[in-house]
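Reader: I am new to reading protein models, and I would like to go through one slowly. Could you show it to me before I ask about its helices?

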Amino acid sequence: MGYRHFDTAAAHGTEEAVGKGLKKGFVDGLVKREEVFVTYKFHLLDAGEVRSAVEKSLSALQLEYLDLCLVQSPSKLLKSCTYPPNQRESASLPSSVQEIWEALEDCVQSGLTKAMGVCNFSAKNVKEILESASVVPAVNQVELHPMWQQKQLREFCQSVGVRVSSWRPLGGQPPLSVLNNSVIKEIAETHGKTPNQIALRWLLENGVISVIQSYDPEKLLEYINLFDFKFSVEDLEKLASLDQDLPFYVV
């Protein structure tokens with residue numbers, strides 16, 4: 001279908017299955033390693049655990065290097081916490097982002113990952129990283145969609161050279177899903193597209209990387225069929241005026 005970005009995380013338990021799929025794709029000649037982009041995320045650990053966590057992920061993925069490694073949250077979590085963490089669990093231990101960042105920088109220098117970034121970081125969190133980092137975060141992956149547009153965060157990240165990625169590009173569960181928004185449905189009918197495609201096209205036109213997921217091949221085709229239409233000025237004005245709902249995951 002043309003997908004080349006694979007997003008994994010230790011907390012999601014997806015690495016082994018993704019690794020098997022990638023290996024089959026390489027062996028069958030569908031793609032070469034340099035033609036795919038593999039992202040891995042981990043929660044804050046003790047600094048001494050970072051390298052071993054990355055190496056464990058590489059072993060499960062059956063890869064020699066990652067393209068991008070992300071710190072999944074600015075808060076350090078109890079190892080026994082639920083996922084996603086509730087506020088008590090995410091605040092149980094003090095944050096140690098700078099130490100983790102230095103350990104991850106060592107992974108870049110060692111060739112274990114080509115780039116590094118963050119996930120669910122506010123502008124304030126990113127500023128704290130930049131104060132001492134020798135490697136600027138390549139990406140900040142957050143919840144972002146037409147009903148949670150995070151304009152200030154996007155503008156800040158752009159100003160400091162950090163790309164923005166959305167791990168929830170289609171909104172939350174009904175009634176907060178883009179499928180239930182009357183404005184998005186109206187724009188979709190105008191262009192002969194689905195509400196999901198409108199949300200993904202909006203992210204694309206705003207320079208945001210979308211991380212989509214589905215087990216349905218038809219949905220995967222729907223999500224990638226975004227390049228044969230553009231929004232009018234009126235469309236963009238309507239989307240910019242949408243009510244903003246609270247995000248699924250707040251840090």
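Reader: Which residues of α5 are buried?

Author: This is a predicted model, in which local features need pLDDT of at least 70, side-chain atom pairs count only at pLDDT 80 or more, and totals for chains, interfaces and linings use all residues. Residues are numbered from 1 along each chain as its sequence is written, and side-chain values use heavy atoms, with hydrogens and water left out. The buried residues of α5 are N125, V126 and I129, where buried means under 20% relative accessible area and exposed over 50%, with partly exposed in between (1.4 Å probe, protein chains only).

Reader: How do you know that the buried residues line one face of the helix?

Author: Seen down the axis of α5, the buried residues fall within an arc of 95 degrees, so they line one face of the helix; the arc is that of the directions from the helix axis to the C-beta atoms. On the face turned away from this buried side, α5 carries the exposed residues K124 and E131.

Reader: Why is α4 called oblique to α5?

Author: The axes of α4 (residues 97–109) and α5 (residues 123–132) come within 10 Å and cross at roughly 55 degrees. Angles under 35 degrees count as roughly parallel, over 145 as roughly antiparallel, 65 to 115 as roughly perpendicular and the rest as oblique, and that makes α4 oblique to α5.

Reader: Which residues of α4 and α5 meet?

Author: V97, Q98 and W101 in α4 meet E128, I129 and S132 in α5, where contact means heavy atoms within 4.5 Å. I129 is also one of the buried residues of α5.

Terms used: Axes fitted to C-alpha atoms, helices over the stretch in contact; angles between N-to-C directions. Helix = DSSP H or I, 4+ residues; strand = E, 2+ residues; numbered from the N terminus.
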